[in-house]
Amino acid sequence: MFYVWGGKETAMIDDVTGTMPPFDKCIVYGPGEPYEVVKRIKERLGCFGAMIADVNDLKRSRVVGITDGVDGEIARNLLIDNPFGNASQKTPICIIKNYKQYQESK
């Protein structure tokens, strides 16, 4: 009921088992302005695109913020099996190599 009452943004809250020190001692919220964050990431890194997604080991993947040029549905589906892990892997930043070529082939 917590997630029903709290809304979809509460699903992005990570608990202590899903975060890295020193954040493993508190609750970590998702970004307040995800579209601004991905825009800054793309500009800063000079990469093809950027995306923030909330992914878990329960076959759930939700795009939270995405830059122009990235197909959110394709990217969401690439992450549905949580290829970067969920527990001890602690992968806050992931890189999908050759995404542009994958997207163009669809």
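Q: How exposed is E73, and which class does E73 fall into?
A: E73 has 45% relative accessibility, so E73 counts as partly exposed. Exposed would need over 50%, and buried under 20%. Keep in mind that this is a predicted model.

Q: Which side chain does E73 meet in a salt bridge?
A: Look for a Lys or Arg nitrogen within 4 Å of a carboxyl oxygen. Here the partner is R76, at 3.0 Å from N to O. R76 has 23% relative accessibility and counts as partly exposed.

Q: How are E73 and R76 placed in helix α3?
A: Compare spacing with the helical turn. E73 and R76 are 3 residues apart in helix α3, so about one helical turn separates them.

Q: How many salt bridges does the count come to?
A: The count comes to 2. Besides the E73 and R76 pair, the side chains of D81 and K59 meet, with N to O at 2.4 Å. D81 sits in the loop between α3 and α4, and K59 in the loop between β1 and β2, so this pair ties together parts 22 residues apart in sequence.

Q: Are D81 and K59 buried or exposed?
A: Both are exposed. For K59, the relative accessible area is 54%.

Q: Is T67 buried or exposed, and where does T67 lie?
A: Take the area, then the position. T67 has a relative accessible area of 8%, so T67 is buried. T67 lies in the loop between β2 and α3 (72-79).

Q: Which residues does T67 touch, leaving aside those up to four places away in sequence?
A: T67 touches V38, K39, K42, G49 and A50. One of these also pairs through polar atoms: the backbone nitrogen of A50 is 3.0 Å from a polar side-chain atom of T67.

Q: Which residues form a nonpolar patch on the surface?
A: M1, V4 and W5 do, with about 440 Å² of accessible area together. M1 belongs to the segment before α1 (2-6). Its relative accessible area is 60%, so M1 is exposed.

Notes. Residues numbered from 1 in each chain as written. Predicted model: local features only at pLDDT ≥ 70, side-chain atom pairs only at ≥ 80, totals over all residues. Heavy atoms only, no water. Patch = residues over 30% accessible without salt bridge, like charges linked within 9 Å, V, L, I, M, F, W, Y side chains within 5 Å. Areas by Shrake-Rupley, 256 points an atom, 1.4 Å probe, with all protein chains shown as cover. Helix = DSSP H or I, 4+ residues; strand = E, 2+ residues; numbered from the N terminus. Buried < 20%, exposed > 50% of the residue type's maximum accessible area, 1.4 Å probe, protein only. Polar contact = N/O pair within 3.5 Å; in protein donor to acceptor, adjacent residues only side chain to side chain. Contact = heavy atoms within 4.5 Å.
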